[in-house]
Amino acid sequence: MRPLLFILITAALPAQIKLNQIQIIGSHNSYHAGLTSSMAAFLQKKNPKAADALDYRHPPLDVQFSNGVRQVELDIFADAQGGRYAQPSGPKLIADAGLPADPPFDPDGLFIKPGFKVMHVQDIDYHSNCQPFKNCLSVILNWSNAHPGHLPLFILVENKDGGKRAPYQVEAEAFTPPVFDALDQEIRSIIPSSKTITPDDVRGKHETLEEAILTDGWPTLDSARGKIIFLLDQRRSESEYIEGHPSLRGRVIFTNAAPGSPDAAFVEVNDPLTDPALIPNLVRKGYLVRTRTDADTKEARSGDTTQRDAALASGAQILSTDYPFDEKSSWTGFHVSFPEGGIARCNPVLKPANCPPLR
């Protein structure tokens, strides 16, 4: 029998906050440097709706982190041989429309070299605040090393592939299992394992990742401080990423998996309004959820906070926006922050006991 004093002291200690018991704010398409002036004019004439949706931009990733953002999103294009996207159609489209030439988009020749590239839409929207993917990872790592003990950084990776959207676009390279192997290798070449939390770390001795998060749950927040966690945006690519890696064994990135799948731990529910009970139910079960507070500059132009407020209340741990903190909309001042201030807060659905102020 344990001494009474031991029992009393143990009972008085607060339970450790877990990684999924907080809520943070992230930026959508965090690399997006905005359309150049002539491309914006071209697109406004050809497709005003698309031009309006792309009318946002973000500062460099390290600046975003220093401003409080704890999740960034990077859209990547595979380019195994190099040069696939080095001659975009944009400059010719601009010239044919009689518009002045924009500055060269790749003066350092980065697009000629092999490796994953970061951009939104090939041939149209290809300016980024970091390039290529390896350099973006270096920015993330350098900021993390300079700020020991920071809240964990979530890196949402969206792989861009599939057919052309228009005749003038180059076809994106497909993301096959070997291409995903190369993606993991690029991440590991920059981010040391000591700085990451991977599916293997969370699964532990459980048979599946989902079993682990539904029973033992996520690591503690204290153990996750200073770490970097990678998430995969595209559910359609889940089968290619898990091929040969059941329940994500040996992989770096958590997939956006359907609940009930062996690899299910992270789930995207981008619209918190369609089914208001969905996100809170997933959060209570133990899943990590990402949702969006706004999209396509609509809320930024109207000032409508309905989706933002629903996302805040939903318990989704990651709130993605084009307007985090002081990056306010120029039209209405729309932005996303926590009512009580700070860069993070205790999860409003899980409501962990004795949760301290988060920073």
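Reply: The lining of the largest cavity comprises six nonpolar residues, one polar and one charged; here Ala, Val, Leu, Ile, Met, Phe, Trp, Tyr, Cys and Pro count as nonpolar, Asp, Glu, Lys and Arg as charged, and the others, Gly among them, as polar. The model is a predicted one, in which local features need pLDDT of at least 70 and side-chain atom pairs count only at pLDDT 80 or more, while totals for chains, interfaces and linings use all residues. Residues are numbered from 1 along each chain as its sequence is written, and side-chain values use heavy atoms, with hydrogens and water left out.

The residues in that lining are Y85, P88, F111, M119, Q122, D123, Y126 and V170. A cavity is a set of points, on a 1 Å grid over the protein atoms alone, where a 1.4 Å probe fits but cannot get out; a pocket is an open set with protein on both sides within 12 Å along at least five of seven lines, and lining residues have an atom within 4 Å of a point. Grid points are joined across faces, edges and corners, and a volume is the space filled by probe spheres set on the points. Rolling a probe the size of a water molecule over the atoms shows where empty space is left.

Two of the cavity residues, F111 and Y126, also belong to the lining of the second largest pocket, beside F105, D106, P107, D108, L110, H127, S128 and Q131. This pocket has a volume of about 150 Å³, and its lining divides into five nonpolar, three polar and two charged residues.

The largest pocket contains about 680 Å³ of space. Its lining is made up of 34 residues, with A53, L54, H120, V121 and R165 lying nearest the centre. Two or more residues come from each of α2 (37–46), α3, β2 (71–77), β8 (288–292) and α13; helices (H or I, at least four residues) and strands (E, at least two) are DSSP runs, numbered from the N terminus. The element α3 gives the most, with four residues. By class, this lining has 10 nonpolar, eight polar and 16 charged residues.

The charged pairs can be taken up from here. A salt bridge is a side-chain nitrogen of Lys or Arg within 4 Å of a carboxyl oxygen of Asp or Glu, and the count by this rule is 14. One of the pairs is D55 with R301, whose closest N and O atoms are 3.8 Å apart. Since D55 lies in the loop between α3 (48–53) and α4 (61–66), and R301 in helix α13 (residues 298–302), the pair ties together parts 246 residues apart in sequence. Both partners are partly exposed, D55 at 32% relative accessibility and R301 likewise at 32%; buried means under 20% relative accessible area, exposed over 50%, and partly exposed in between (1.4 Å probe, protein chains only).

D96 and K92 form another salt bridge, with 2.8 Å between the closest N and O atoms. These two residues both lie in helix α5 (residues 90–96), four residues apart, or about one turn of the helix. D96 is exposed at 57%, as is K92 at 55%. P91 also has its place in α5, and P91 is partly exposed at 46%.

In the salt bridge of R345 with E340, the closest N and O atoms are 3.4 Å apart. R345 is buried, with a relative accessible area of 13%, whereas E340 is exposed at 52%. Salt bridges with shared partners also join E73, D233, E268 and R290 into one network.

With 14 residues, α6 reaches 20 Å from its first C-alpha to its last, close to the 20 Å expected at 1.5 Å a residue; the expected span is 1.5 Å times one less than the number of residues. Its buried residues are F133, C136, L137, I140, L141, W143 and S144. Seen down the axis of α6, they fall within an arc of 165 degrees and so line one face of the helix, the arc being that of the directions from the helix axis to the C-beta atoms. On the other side of α6, N142 and A146 are exposed. An α-helix has 3.6 residues a turn, so residues three or four places apart point the same way.
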